[in-house]
Amino acid sequence: MPYFEIIGGKKLNGEIEVKGAKNAALKAVAVALLSREKWTITNFPFIEDTNRILEMVEDLGVKVVRGDNQVEIQAKSIKKNSLDKNLTKKLRASIILAGPMLARTGKVEMYHPGGCVIGKRPIDMFLDGFQKMGAKFSRRGDEFILSAGKLSGANIFFPKISVTGTETMMMAAVLARGETILENAAMEPEIPTLADFLNKCGAKISGAGTPTIRIKGVKNIGGGKLELIPDRIETGTFAILGALAGGKIKIKKCNPDHIRSLLIKMEKAGVKFEERENELIVWGAKKMKAVDISTHEYPGFATDLQPPFTLLMTQAKGTSLIHDSIFDGRLMFTDALNLMGANIIMNDPHRVTVNGPAKLHGRKIASPDLRAGITLVLAGLIAEGKTRIENIYQIDRGYEKIEERLQKLGADIKRINSKS
Ligand code: EPZ
């Protein structure tokens, strides 16, 4: 199995470009199923998660043309209603295909989506929402079937704020009969961006980016060209890398506004950075102060940036309380950091206490999920000696050609394609 081999301690300098947002790309591919016309999605990241969802829609008979940094999708017809089991198991986000499939064809058969190990990934809110819109739900072994004639608009209140729940119901409502109101909706920047583009294609969506979204169903929507926003999780991760291992790193093609809550915490910790239009310059932090964080839905502190920030706090002076309020499995990776020399105490599945600064030393570790995986790469880059990171499929799920981009900053990281 391939692994990364890292020799830590190099000071990093130079420029790194942020790719298009993974969590915008996945939904753009799904929503293209709503239209018979061609969608061109630019600034498209070719990573394992997007490769899987492209394979899933091709399996449905949808035409996909991969280009340089872009993809063309045209769902002239959808030849079947069942989502490929193996692909579904690899991608938690495959649930988002259920919305457009139901809206376009009236039926979807799929297995419970797999994906991350960061915590139980229920889909109760999706199933409740679809049934409110008139879909019938049944089970066949561990496969579930949703079928509806034409979906009808409904009032859907999310008991918990769900990003993909909001997006999937918004997509399903675009072609439904009548009006749908989503309440307690997520406000991540990928959502209003998607809604704005859907409106350009003929949808009638208002309120995206606020807790209440209204969608008036239309007969059909056209195609067009959608440029994906920069990946805010890559942006934040590279900002933390700059503080940990800079010299000076310039992060290009990003939107600093999308990581405001992180930047406020980094400033409090004493990290020096400079914002520009679509760039962020971060200098290596000589001395940092410990800072507490609690993750929260957007615009609060992103749970996807908790793992790299926890690593950052291992290098800060003092004690930090890290609270991941959203997932109950997203702090397990701290065991690996402790094996590297960190001093982190697990208080409960949602809270750890970090005591710093702690010198890290390299060792062999495995990447549990994509955000913990990239954090272990960053840990290897600052640790003394050699680090070997296995299960790097998890990292390739979210970070395109990551070792090549880090090498350009002066990092000593190699992808070893071992047969064992
Ligand atoms: C999205 O996941 C992102 N994934 C996640 O990024 C991100 O961590 C998460 O939002 C929170 O920001 C994509 O956009 C593809 P949720 P999502 O539904 O939508 C509970 C990454 O690393 N819930 O917002 O699947 C759930 O248990 C990934 O790129 C239910 O209870 O997360 C959790 O506690 C990881 N029932 C909370 O909602 C449901 O039916 C938030 O989950 C659905 C969710």
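Me: Leaving aside neighbours within four places in sequence, which residues is M170 in contact with, and what makes them contacts?

Reply: In this predicted model, M170 is in contact with L182, I191, L194, A195, L198, I205, I213 and I215. The test is heavy atoms within 4.5 Å, so each residue in that list counts as a contact of M170.

Me: Where does M170 stand in the largest nonpolar core, and why is that set called a core?

Reply: M170 is among the residues with the most contacts inside the core, along with V174 and L198; the whole set has 78 residues. It's called a nonpolar core because its members are buried residues of kinds such as Met, Val and Leu, joined through side-chain atoms within 4.5 Å. Helix α1, residues 22–31, gives the most to this core: seven residues. There's also a second, separate core of 65 residues, and F4, I240, F309 and A336 are included in that one.

Me: Why bury such residues together?

Reply: In soluble globular proteins, nonpolar side chains tend to be buried together.

Me: How do you know how helix α9 runs relative to helix α10?

Reply: Look at the angle. The axes of α9 (residues 260–269) and α10 (residues 306–314) cross at roughly 0° and come within 12 Å. Angles under 35 degrees count as roughly parallel, so α9 is roughly parallel to α10. On the α9 side the contact is made by L262, K265, M266 and A269, and on the α10 side by F309, L312 and M313.

Me: What makes up that contact of α9 with α10, by residue type?

Reply: Six of its residues are nonpolar and one is charged, with no polar ones. Lys counts as charged, so K265 of α9 is the charged one.

Me: Why are β6 and β7 said to stand at the edges of their sheet?

Reply: The open sheet has three strands in the order β6-β8-β7, with antiparallel pairing. β6 (107–111) and β7 (136–140) each have a single partner strand, so one side of each lacks a neighbour in the sheet. Neighbouring strands are turned by 20° against each other on average, ignoring direction.

Me: How do you know that β6 and β8 pair?

Reply: Pairing takes at least two bridges. β6 and β8 (residues 143–147) have five, in the antiparallel sense, so they qualify. For instance, M110 has F144 in β8 as its bridge partner. Helix α4 (residues 98–105) packs on this sheet, touching β6 and β8, and its direction makes about 150° with that of β6.

Me: What do β15 and β16 form?

Reply: A hairpin, with two residues between the strands. β15 (residues 273–276) and β16 (residues 279–283) pair in the antiparallel sense over four bridges, and E275 has L280 in β16 as its bridge partner.

Notes: Residues are numbered from 1 along each chain as its sequence is written. This is a predicted model: local features need pLDDT of at least 70, side-chain atom pairs count only at pLDDT 80 or more; totals for chains, interfaces and linings use all residues. Side-chain values use heavy atoms; hydrogens and water are left out. Buried means under 20% relative accessible area, exposed over 50%, partly exposed in between (1.4 Å probe, protein chains only). Axes are lines fitted to C-alpha atoms, for helices over the stretch in contact, and angles run from 0 to 180 degrees between N-to-C directions. Angles under 35 degrees count as roughly parallel, over 145 as roughly antiparallel, 65 to 115 as roughly perpendicular and the rest as oblique.
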